[in-house]
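Below is a short briefing on one structure, with topics grouped under plain headings. Please read it beside the sequence and the 3D view.

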Amino acid sequence: VRRNVLVLDQVAQVATPKFWIIFSLAVLSLVPLRVAWLRQWLWAVINVLFLKVILFRREFVLTVAAVFVVYAVVKVVSLKPWRIIATIVLAAGNLTLFLIHKFPALTSSGHPTTMRAVLSAIGFSYVALRMVDLLRSVFEGRHSPPTLPSTINYLVPFHMLAAGPIQSFDDFATQSLAPPALTVHKALHFTERMSWGLFKKFVIASALQKLFLTGFRVHGWYFLIEAQVFYIWLYLDFSGLSDIAVGIGGLLGLQTPENFNHPYLARNMINFWERWHISLSQFIRRHLYIPIQLGLMRQTAGRMPLWCSTVAFTASFALCGLWHAGTLRFLIWGLLNAFGLVVTNFYRHYLTLYLGAKGIKRYLANRSVRILATVVTFEFVVFSLVFIEVPL
Amino acid sequence: MMGSTGTRLQEWSRSEEGASRAWLLVRIVWVAAQLVCVYWLARQSELFFYQGF
């Protein structure tokens with residue numbers, strides 16, 4: 001029984017009664033409360049309570065202790081004499097846990113299965129990225145180190161453990177601690193959002209999976225149909241989870257970033273990543289793409305901007321692929337996305353040179369071009385996604 | 001009797017307040033329908049809600 005319960009990953013948590021009991025408790029206690037500091041503490045207690053109900057005592061104690069350690073070390077990061085050492089310690093710890101979580105083949109010896117189960121249960125992929133954001137914000141002096149309840153609320157918010165979104169620490173630190181009272185209109189709006197998310201994930205996506213998806217174990221024309229359905233299924237499943245998180249966040253007065261904006265309407269791959277898993281693509285931009293591109297631009301004295309972007313896209317999306325899972329298929333998926341982004345970047349550059357500013361405006365306004373571009377982008381995404389599922 | 005109730009209902013739904021309340025009712029029913037559907041399907045599935053809801 002112990003193993004069975006612990007084996008639940010973070011996505012399955014959303015489907016358990018425990019999740020919705022904690023949600024009800026959060027609504028009953030946080031919605032009427034207007035005192036900022038009390039809200040912070042109560043919200044932290046609810047998040048810790050959620051960890052308590054999804055983990056066994058030993059794992060729960062270890063997880064909470066780890067959050068305490070992060071809180072203490074981040075405090076040290078803000079102190080001049082120790083900031084470098086504290087940053088290295090925290091970054092190394094974060095990376096080690098991430099490798100244990102995502103690269104089981106590399107780290108199979110010496111790490112008990114339960115550790116991986118715990119990392120999976122709390123959605124460590126997302127926690128690790130939040131940790132990077134927090135660490136960098138404090139290291140660069142953009143924010144003072146968070147209080148203990150803020151550290152808990154930022155790192156392990158129960159409604160964002162399943163599938164993000166990855167809230168930036170800037171957004172978290174600047175949100176209102178005592179949001180305006182919940183009106184009937186807002187309550188209905190966010191309940192609709194939550195129930196639509198549940199319906200998308202557990203009814204529509206579930207039905208699509210059962211009726212159409214075979215794990216690409218078929219050949220011929222059905223393979224092509226399954227590839228299209230796989231993209232639609234993934235969108236409904238993933239955006240459903242995001243809708244649930246946004247709905248819960250809205251009801252509780254907690255800022256929860258949007259993660260999807262009709263990605264199937266994207267007209268190129270750059271536009272696609274502005275619409276798909278938005279919080280991840282913004283994280284990649286902040287922490288990988290811009291630093292790599294700026295570094296290369298400085299190295300080359302700004303002579304080769306397109307090639308600097310090419311290297312930055314490739315490195316960023318190779319790592320993006322490996323963040324999803326430490327496997328060859330996800331590396332291929334990441335590199336294919338990088339290829340799509342690089343091609344879009346070159347195409348955009350040469351089209352601007354060739355058509356000029358007015359010509360580009362006409363080109364972008366052209367309906368036929370838009371439809372063609374949207375179809376090509378859709379099919380490219382379908383093609384790239386096949387690699388994460390097809391038997392190799 | 002039925003006719004007058006029907007007429008009153010039609011008049012009410014045409015008024016601004018009535019239309020907005022009718023729309024609110026539709027939204028609440030839609031949310032309830034979705035949640036009932038999710039719950040019912042989840043009960044059928046062993047994968048989700050297997051701990052018993």
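Over all chains, a search of the whole structure finds 34 aromatic pairs. Rings of Phe, Tyr and Trp (its six-membered ring) count as a pair if their centres lie within 6.5 Å; planes under 30 degrees apart are stacked, over 60 edge-to-face, and the rest tilted. This is a predicted model, in which local features need pLDDT of at least 70 and side-chain atom pairs count only at pLDDT 80 or more, while totals for chains, interfaces and linings use all residues. Residues are numbered from 1 along each chain as its sequence is written, chains are lettered from A and ligands numbered from 1 in the order in which they are written, and side-chain values use heavy atoms, with hydrogens and water left out.

**Aromatic pairs**

- The ring centres of A:F238 and A:W276 are 6.3 Å apart and their planes are at 75°, so this pair is edge-to-face.
- A:F238 lies in helix α12 (residues 221-252) of chain A, and A:W276 lies in the loop between α13 (269-275) and α14 (278-299), so the pair ties together parts that are 38 residues apart in sequence. Helices here are DSSP runs (H or I, at least four residues), as are strands (E, at least two), and they are numbered from the N terminus.
- A:F238 is buried at 13% relative accessible area, and A:W276 is buried at 5%. Buried means under 20% relative accessible area, exposed means over 50%, and partly exposed is in between (1.4 Å probe, protein chains only).
- A:W307 and A:F346 also form an edge-to-face pair, with 5.3 Å from centre to centre and 65° between the planes. This pair links distant parts of the chain, 39 residues apart: A:W307 is in helix α15 (residues 305-324) and A:F346 is in helix α16 (residues 328-365) of chain A.
- Are A:W307 and A:F346 buried or exposed? A:W307 is exposed, with 52% relative accessibility, whereas A:F346 is buried, with 18%.
- Ring pairs also join residues into a cluster, whose members include A:Y231, A:Y235, A:F238, A:F260, A:W276 and A:F378.

**Charges over rings**

- The charged end of A:K52 sits over the ring of A:F60, at 5.7 Å from the ring centre. A charge sits over a ring if NZ of Lys or CZ of Arg is within 6 Å of the ring centre and within 35 degrees of the ring normal.
- The charged end of A:K102 sits over the ring of A:W323, at 5.9 Å from its centre.

- Helix α12(A), which holds A:F238, has 32 residues and reaches 47 Å from its first C-alpha to its last, close to the 46 Å expected at 1.5 Å a residue. The expected span is 1.5 Å times one less than the number of residues.
- In α12(A), 26 of the 32 residues are buried, so this helix is largely enclosed by the rest of the structure.
- After α12(A) comes A:G253, with a positive phi near 75°.
- Helix α8 (residues 124-139) of chain A has 16 residues and spans 22 Å from its first C-alpha to its last, close to the expected 22 Å.
- In α8(A), 13 of the 16 residues are buried, so α8(A) too is largely enclosed by the rest of the structure.
- Just after α8(A), A:G141 has a positive phi of about 75°.
- A:L134 lies in α8 of chain A and is buried, with 1% relative accessibility. Its C-alpha is 8.6 Å from that of A:Y154, which is 20 residues away along the chain.

**Loop residues**

- Most residues other than glycine have a negative phi.
- A:F216 is not a glycine, yet its phi is positive, at about 55°. A:F216 is in the loop between α11 and α12 of chain A and is buried, with a relative accessible area of 3%.
- A:H277 is not a glycine either, and its phi is positive, at about 40°. A:H277 is in the loop between α13 and α14 of chain A and is buried, with a relative accessible area of 1%.
- A:L177 is in the loop between α10 (169-174) and α11 (184-212) of chain A and is partly exposed, at 43% relative accessibility. A:L177 and A:V27 are 150 residues apart in sequence and 16 Å apart in space, C-alpha to C-alpha.
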